[in-house]
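The entries below follow the order in which I consulted them.

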Amino acid sequence: MGPLYFASIASSTHAELTKTAEAQVAETKRKVIEFVDHASKNVPPGAEGAVAFVKSAIGSANAGYEQFAKSTKQAVETLENNVNSAVDQLSQAATKTAAAARTKK
């Protein structure tokens, strides 16, 4: 079990966690929108402005979350690429060192 094995496990674990988190966030967003839509049907006259404000705030929060999630995903992908590159370089150096040690014997 070398570094590539552990990097592979970390990458697949991250992918599964990301998929689960994204599904939960999508479900929560759906429920919030559903709740606000339902609540907006039962508002007293004159409260339409407050409902519009809440809907706008939720839309802004969702947009902010989407941008945050996109930036985080890009940062994690960059980190994974850098780690994979470092692991590859380490493995190559270890292989060369082992080969050089065998030839010296």
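**Entry 1: Salt bridges in the first helix**

I began with Glu-27 and Arg-30, which lie 3 residues apart in helix H1 and are therefore separated by about one helical turn. The model is a predicted one, in which local features need pLDDT of at least 70, side-chain atom pairs count only at pLDDT 80 or more, and totals for chains, interfaces and linings use all residues. Residues are numbered from 1 along each chain as its sequence is written, and side-chain values use heavy atoms, with hydrogens and water left out.

The side chains of Glu-27 and Arg-30 form a salt bridge with an N to O distance of 2.6 Å. I applied the criterion of a side-chain nitrogen of Lys or Arg within 4 Å of a carboxyl oxygen of Asp or Glu. Arg-30 also meets Glu-34 in a salt bridge, at 2.8 Å from N to O. Glu-34 and Arg-30 are 4 residues apart in helix H1, so about one helical turn separates this pair. In general, an α-helix has 3.6 residues a turn, so residues three or four places apart point the same way.

Glu-27 is partly exposed at 31%, Arg-30 is partly exposed at 39%, and Glu-34 is partly exposed at 48%.

**Entry 2: A bridge between the helices**

How many salt bridges does a search of the whole structure find? I recorded 6. One further pair that I examined is Asp-37 with Lys-55, whose closest N and O atoms are 3.4 Å apart. This pair links distant parts of the chain, since Asp-37 belongs to helix H1 and Lys-55 to helix H2, 18 residues apart. Asp-37 has a relative accessible area of 31% and is partly exposed; Lys-55, with 38%, is also partly exposed.

**Entry 3: Overall form**

I found that the secondary structure comes to 2 helices and 0 strands. The C-alpha trace spans about 90 × 20 × 5 Å along its principal axes. The radius of gyration of the chain is 25 Å, whereas a compact globule of 105 residues would have one near 13 Å. That radius is taken over C-alpha atoms, and the globule rule is 2.2 Å times the number of residues to the power 0.38. Buried residues make up 6% of the 105 residues.

Helix H2 has 57 residues and reaches 83 Å from its first C-alpha to its last, close to the 84 Å expected at 1.5 Å a residue. The expected span is 1.5 Å times one less than the number of residues. Within H2, I listed Val-51, Ile-58, Asn-62 and Val-87 as buried.

Val-51 has a relative accessible area of 15% and so counts as buried. Its C-alpha lies 8.9 Å from that of Asp-37, 14 residues away in sequence. Ala-50, also placed in helix H2, is partly exposed at 47% relative accessibility. Between Ala-50 and Gln-67, 17 residues apart in sequence, the C-alpha distance is 26 Å.

The C-alpha atoms of Ser-85 and Lys-70, 15 residues apart along the chain, are separated by 22 Å.

**Entry 4: The largest pocket**

Last, I looked up the largest pocket, which has a volume of about 420 Å³. Of its 17 lining residues, those closest to the centre are Thr-18, Glu-22, Tyr-65, Ala-69 and Lys-73. Helix H1 (3-40) and helix H2 (48-104) are the elements that give two or more residues to the lining. H2 gives the most, with 10 residues. By class, the lining has 7 nonpolar, 3 polar and 7 charged residues.

For the terms, I worked on a 1 Å grid over the protein atoms alone, where a pocket is an open set of points at which a 1.4 Å probe fits, with protein on both sides within 12 Å along at least five of seven lines; lining residues have an atom within 4 Å of a point. Grid points are joined across faces, edges and corners, and a volume is the space filled by probe spheres set on the points. Ala, Val, Leu, Ile, Met, Phe, Trp, Tyr, Cys and Pro count as nonpolar, Asp, Glu, Lys and Arg as charged, and the others, Gly among them, as polar.

Definitions and conventions. Buried < 20%, exposed > 50% of the residue type's maximum accessible area, 1.4 Å probe, protein only.
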